[in-house]
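Take a moment to look at the picture, then work through the topics one by one.

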Amino acid sequence: MRSKVAQRILSETPEETKIFARLYADIVVRINQLLKENKLSQKDLAESMDKRPSEINKWLTGEHNLTLRTLAKLQAELGEPIINVPQRKPMHTGEGIKGSMTVYRNTVNTDVTYTKVWKRSKVKSKTTLANVS
Amino acid sequence: MYFCLLTNNIVNIFALEIWDDEGAKCTFYTVKQLDSDVSETDIFFERYDAKPEYRDANRDLLSFVVYAIGEDHGAVDELFNRDENEVTGLPVQGKRTVENITYHFPDFPLRLYALKITQNIVVLFNGGIKDGPTNQTSSLHLEWRAACEYAKRIDKAIRDGFIIIDEANRILKNYDGSDVIIL
């Protein structure tokens, strides 16, 4: 159930507004995850990027919108992707190219704990196959 | 489903009812005066949707609440401002402690007050135009005070066990399982 007022306003809201809200929240959450993971404060980030704290503060407190350049600098410093652009990859078959698929290299999900080392998940013990004679 | 919180103060009698439970991550509640047909949150969104100069900001905020918090992330700290007494103002503004850096919607003119119960349950109140450096000096002062008052009552009802937080089902329940609580 959703409020009828909310339903009405959302039905009149441009799609780009909804996309902006979701994308920006994804970026905010992602950068915060990376800062926490790297145990970095705003001051630390400024020092490691050789910037004035006031300049970093402008990026991080919304005095201007994040630019692609800013995101690139943050990504370079934090060492992991902040945003991801999906790519189209052609699908080949024996008879030649048959369409394409979209490849996503990473996604933002607050349920996921990011670890630097990929760990293989535990494999359940295999059930012994019945002997077939 | 709704709860009735009967009290003796300014916000005497109000219902606590579900505003949106369709999101994958968070259920939103709202408050409604029992002599009103419209919830406080709906009053807020309708008021600013009717004002052309605030319509875009209003829709930004509604999308942020319903999709970014409700559907995608839940009520994570990164998407909430620091508490302003009993409540927090949405959207997140970036004036946070150093380790919780955020930067969403700079210079955003509106504030919607909220009480975060858990990461998956949030109560939304009313709000207004943030036209001063603090809530006390903004024209939304009364809405902020009312939101704090609602939040105090809800918080007390939870602490006293009149409202049970059902985290598994992402809902609030009466202590006896019924839909209505009278305090």
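Helices (H or I, at least four residues) and strands (E, at least two) are DSSP runs, numbered from the N terminus. Two strands pair if DSSP finds at least two bridges between them. This is a predicted model, in which local features need pLDDT of at least 70, side-chain atom pairs count only at pLDDT 80 or more, and totals for chains, interfaces and linings use all residues. Residues are numbered from 1 along each chain as its sequence is written, while chains are lettered from A and ligands numbered from 1 in the order in which they are written.

**How confident is the prediction?**

- The predictor gives the complex an ipTM of 0.82 and a pTM of 0.76.
- Confidence in each residue is expressed as pLDDT, from 0 to 100. Chain A has a mean pLDDT of 73, with 68% of its residues at 70 or more; for chain B the mean is 82, and 82% of its residues reach 70 or more.
- Within chain A, helix H1 (residues 4-12) has the highest confidence, at a mean of 96, and helix H4 (residues 53-60) the lowest, at 66.
- Within chain B, H1(B) has the highest confidence, at 96, whereas strand S1 (residues 2-6) has the lowest, at a mean of 50.
- Where pLDDT is low, the predicted coordinates should not be read in detail.
- Keep that in mind for residues 107-133 of chain A, where pLDDT stays under 50. In chain B, pLDDT also stays under 50 over residues 4-8 and over residues 94-104.

**Chain A**

- Chain A has five helices and two strands, and their order along the sequence is α-α-α-α-α-β-β.
- A residue is buried if 20 or more other C-beta atoms lie within 10 Å of its own, exposed if 12 or fewer, and partly exposed in between, with C-beta atoms placed from the backbone. Of the 133 residues in chain A, 20% are buried.
- Ala21(A) is found in helix H2 of chain A. Is Ala21(A) buried or exposed? It counts as buried because it has 26 C-beta neighbours inside 10 Å.
- Two residues are in contact if their C-beta atoms, placed from the backbone, lie within 7 Å. Leaving aside neighbours within four places in sequence, Ala21(A) is in contact with Asp60(B), Ser63(B), Phe64(B), Tyr67(B) and Ala68(B).
- Lys39(A) lies in the loop between helix H2 (15-37) and helix H3 (42-48) of chain A. Its phi is near 50 degrees, a positive value in a residue other than glycine. Lys39(A) is exposed because it has 8 other C-beta atoms within 10 Å.

**Strands and turns in chain B**

- Strand S2 (residues 13-20) and strand S3 (residues 27-33) of chain B pair in the antiparallel sense over six bridges. Six residues make the hairpin link from S2(B) to S3(B), and Ile18(B) stands opposite Tyr29(B) in S3(B).
- Strand S4 (residues 83-84) of chain B runs antiparallel to S5(B), joined by two bridges. Glu84(B) has Val87(B) as its bridge partner in S5(B).
- What sits between S4(B) and S5(B)? Two residues lie between them in a hairpin, and Asn85(B) in the turn has a positive phi of about 65 degrees.
- On its other pairing, S5(B) is joined to S6(B) by three antiparallel bridges, with Leu112(B) in S6(B) as the bridge partner of Leu90(B).
- Val87(B) and Gly89(B) point one way from strand S5 (residues 87-90) of chain B, Thr88(B) and Leu90(B) point the other way, and all are buried.

**Packing and the nonpolar core**

- In helix H1 (residues 40-49) of chain B, the buried residues are Glu40(B), Thr41(B), Asp42(B), Phe44(B), Phe45(B) and Tyr48(B). They pack against H1 of chain A, together with S2, S3, H2, strand S6 (110-116) and strand S7 (121-129) of chain B.
- A nonpolar core is a set of buried Ala, Val, Leu, Ile, Met, Phe, Trp, Tyr and Cys residues joined through C-beta atoms within 7 Å. The largest one has 55 residues, and Ala114(B), Val122(B), Val123(B) and Phe125(B) touch the most other members. Helix H2 (residues 52-73) of chain B gives this core its largest share, eight residues.

Notes. pLDDT is the predictor's confidence in each residue, from 0 to 100.
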